[in-house]
Amino acid sequence: MRRHLGWIILVATLTLALVSLTIGSSRIGLSETIGVFTGRNTSSAQRYIILNLRLVRIIASFAAGTILALGGVSYQAVLRNPMADPFILGVSSGASFGVALAIYFGVATRFGLPLSALLGATGTTLFILALASRKRSSNTVLLLSGVAANYILSAAMTLLLFLNREQYQRILAWSLGTFSTATWNQVVIALLVSLLLFLFLLRNHRNLDLLLLDEGSARSSGLAVESVRYRLLLISSFATALCVSFFGVIGFIGLMAPHITRLILGAKHRRLIFPTALLGGFLLLLSDTLARVLLPSGELPVGIITSLLGVPLFLFLILKGRYRFG
Amino acid sequence: MADAIVIDALTGGYENNTLFRKISLTFPKGAFIALAGPNGSGKSSLLKFFYKQLKPEEGTIWVEKADLATLKQEVLAQNIGFVPQNGRLDFSFTVEETVAMGRYANPQKDDAKRIYQAMETCSILNLRNTPVTRISGGELQRTFLARALAQDGKILLLDEPVNHLDIAHQRSVMHLLQGLVAKGYTVIAVLHDLLLAQAYSSWIIFLKEGAVAADGPTDEVVNEEILKSVYNVKSHRIYDPHLDKELLIPAW
C-alpha cells in the first residue's frame with residue numbers, strides 16, 4: 001500500500017472523474033458519456049455539457065488541488081512549520097482585497113476579476129518576499145509578517161464591503177471559491193503551472209528535507225539556506241496566487257493533503273511529492289463534485305465542502321494515527 | 001601541532017550587537033576542545049561563525065588553512081559537522097533518513113555504507129527505521145551526532161552535547177566523542193559542566209563577554225583564579241581516584 005499510494009490515488013481519481021462526468025442536473029448516462037469521447041452518436045447538447053461544463057471543471061479542480069497541495073508541502077518546509085498552508089503569508093487575503101477593489105471600482109469584468117486577484121496576491125507575495133530576503137529574517141518574522149498582512153488586508157476588504165454593501169454577495173461568493181466559471185484557457189494554464197511546480201519541488205526534494213532541520217544543522221550540512229528558501233517561496237507563492245486568482249480561496253487542501261500522505265509515507269520529500277499532489281487533486285475534485293450535487297438546485301461553494309468534510313477527516317487521521325509534531 | 005581552525009582578529013556578531021572585537025584564537029587539530037564561559041559570553045555564537053550563519057565584519061577565520069569566507073557552504077560541510085543544542089525535528093523522518101541528510105553536500109556511491117557506519121558508531125542502528133518524532137532526547141542527540149558524522153568532516157562542533165541527558169547518557173556521549181578524538185577528529189564542544197570539561201577535554205577556551213579570558217591545555221588553564229575571574233565563583237580541588245587527578249569544583 002505504501003509503495004503504491006500514488007498509483008492508488010491516481011486510479012481513484014480517474015474513477016472519481018468518470019463518476020463526476022456522469023452526474024449532474026442533466027441526466028447523461030455512463031454509456032453516452034463514454035460515447036462523447038469515443039465519437040459515437042451523441043447530441044451536441046450532451047457533448048457541450050460533458051466537455052465544456054463538466055470535464056473542464058473536473059480538470060480545473062484537480063489541477064487546483066495539486067497546486068494547493070504542493071504549495072502546502074513547500075510552505076511547510078520553508079517555514080519549518082506543520083501548520084503552514086499556502087495562504088499563511090497573505091496570498092489569499094491579498095487576492096480577496098484585489099477582487100474587492102476591482103468590484104468597488106467597477107472593473108470586475110471577466111478578465112478584470114482574476115487579474116485584480118492576481119495583482120493583489122502577487123503584490124502581497126512580493127512584499128513578504130522583500131521581507132524574507134532581508135538579512136537574517138527568521139521564520140517567526142516571516143510568519144508574523146504574513147499574519148499581519150492577512151489582518152490588514154482583511155480589514156481593508158471589509159472596509160470596501162462596508163462602503164459597497166450591495167456587492168457583498170459577489171465578493172463572498174468569489175472568496176469561497178468556485179469552479180463553475182472555469183474555462184479551458186484557465187485549465188491549460190493551471191495544469192501547466194501544476195506540472196512546473198511539481199517538477200520544481202521534485203528537483204528540490206533534498207533541499208526541502210534539509211530545510212526541516214534547525215538552521216545550524218541545515219547550514220552545516222551544506223544547504224545554502226537563504227537562496228533555497230527564497231526560490232521555493234517565490235515559485236510556490238506565484239503558483240498559489242495564480243490558482244487563487246482563477247478559482248478563489250479554497251482552504252484546507254494545502255494543509256490536509258501533505259499531512260495525510262506524511263502520515264502514511266513519512267516526511268521524506270522524494271516519496272511525498274507525487275502522492276501529495278495527486279491527493280490534493282483528488283480531494284478537491286471530490287469536494288467540487290459534492291458541491292455540484294449536494295443541493296437539489298444550485299450548488300454550494302467548494303470552499304465550504306473542503307472545510308466541512310476535510311476538517312473532521314483530518315482530525316480523525318491525526319488522532320488515530322498517533323501523529324506527532326514533536 | 002597543526003591547527004584545525006584559526007581565528008585572526010575576528011570582529012562581528014549580530015545586528016546592533018557586535019559580540020566579538022578583534023579576538024584571535026587557535027583550535028589545535030586532533031584535540032578535544034572545551035568552549036566554556038558564562039551564559040551570553042558568545043560560545044554558541046562563535047560556533048555560528050564556523051558554519052557561516054554569522055559572517056565576520058572584520059578579520060579572517062581559517063579552516064584547515066582555507067579562508068572560510070571563500071569556502072562554499074557545501075565544501076565547508078565536508079570539513080565541519082555541527083550538532084545543535086536541543087536539536088528538534090518536528091517531521092516524521094526515520095532515524096536513518098535523518099542521518100542520511102549528512103550526505104547532502106557530497107553524495108557518493110557508497111553513501112549507504114557511510115550512513116550505516118555513522119549509525120553504528122552512535123549505537124542507533126536498532127532505531128534506524130523509527131521516526132525521530134518517537135525517540136527519546138538522548139537518542140535524538142545521538143541521531144544528530146550521527147548525521148554530523150555522516151558528513152565525513154574531521155572537525156565536529158557540538159553545542160552543549162550532553163545538556164538535558166542523564167549521567168549514563170552523558171557518559172556514553174562523552175566517551176563516544178573521546179573515541180572520535182582518538183581516531184583523529186577535532187572535537188569542539190560548548191560545555192557548561194566544568195567537571196566534564198576537566199575529565200574529557202585536552203584544550204579549553206574560556207570566553208567572557210565576547211573576549212577570550214583564557215585558553216590552553218585544560219590541566220594548565222583550569223585553576224582557582226580563572227574560575228574566580230570568569231564566573232566570580234570560588235573553587236577548590238578534590239581528588240578523583242578514577243581519573244587519578246585533582247579536579248576543580250565550585251565551592252557550593
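**View 1. Burial and overall form of chain B.** Of the 252 residues in chain B, 43% count as buried. Buried means that 20 or more other C-beta atoms lie within 10 Å of the residue's own; 12 or fewer make a residue exposed, counts in between make it partly exposed, and C-beta atoms are placed from the backbone. This is a predicted model: local features need pLDDT of at least 70, side-chain atom pairs count only at pLDDT 80 or more, and totals for chains, interfaces and linings use all residues. Residues are numbered from 1 along each chain as its sequence is written, while chains are lettered from A and ligands numbered from 1 in the order in which they are written. Chain B holds nine helices and 12 strands. Its radius of gyration is 18 Å, close to the 18 Å from the globule rule for 252 residues, so chain B is as compact as a globular protein of that length. That radius is taken over C-alpha atoms, and the rule is 2.2 Å times the number of residues to the power 0.38. Along the principal axes, the C-alpha atoms of chain B fill a box of roughly 50 × 45 × 35 Å. Of the contacts in chain B with a separation of 6 or more, 66% join residues 24 or more positions apart. A contact needs C-beta atoms, placed from the backbone, within 7 Å.

**View 2. The four-stranded sheet of chain B.** The order is S2-S1-S4-S5 in an open, antiparallel sheet. Its edge strands are S2 (17-28) and S5 of chain B, each pairing on one side only. Strands (E, at least two residues) and helices (H or I, at least four) are DSSP runs numbered from the N terminus. Two strands pair if DSSP finds at least two bridges between them. Strand S1 (residues 3-14) and strand S4 (residues 58-63) of chain B are joined by five bridges in the antiparallel sense. Here B:Ile7 faces B:Ile61 of S4(B).

**View 3. The S4-S5 hairpin of chain B.** S4(B) and strand S5 (residues 66-67) of chain B run antiparallel, with two bridges between them. B:Trp62 sits opposite B:Asp67 in S5(B). Two residues lie between the strands of this hairpin, and B:Glu64 takes a positive phi near 50 degrees.

**View 4. The six-stranded sheet of chain B.** This open sheet has mixed pairing and the order S6-S7-S8-S3-S9-S10. Strand S6 (80-83) and strand S10 (211-217) of chain B are its edges; each pairs on one side only. From one strand to the next, the twist averages 15 degrees. Strand S9 (residues 203-208) of chain B runs antiparallel to S10(B), joined by six bridges.

**View 5. Helices on the sheets of chain B.** Angles run from 0 to 180 degrees between N-to-C directions; axes are lines fitted to C-alpha atoms, for helices over the stretch in contact.

**View 6. Where chain B meets chain A.** In all, 30 residues of chain B contact 24 residues of chain A. Helix H2 (73-76), S6 and helix H5 (137-150) of chain B are the elements that each give two or more residues to the chain B side. S6(B) gives the most, with three residues. That side of chain B divides into 13 nonpolar, nine polar and eight charged residues. Nonpolar covers Ala, Val, Leu, Ile, Met, Phe, Trp, Tyr, Cys and Pro; charged covers Asp, Glu, Lys and Arg; the others, Gly among them, are polar.

**View 7. Chain A.** Chain A has 14 helices and zero strands. Its radius of gyration, 20 Å, agrees with the value near 20 Å for a compact globule of 326 residues. The C-alpha trace of chain A spans about 65 × 55 × 35 Å along its principal axes. Of the 326 residues in chain A, 50% are buried. Residues 24 or more positions apart supply 76% of the chain A contacts with a separation of 6 or more.

How values were computed:
Contact = placed C-beta atoms within 7 Å.
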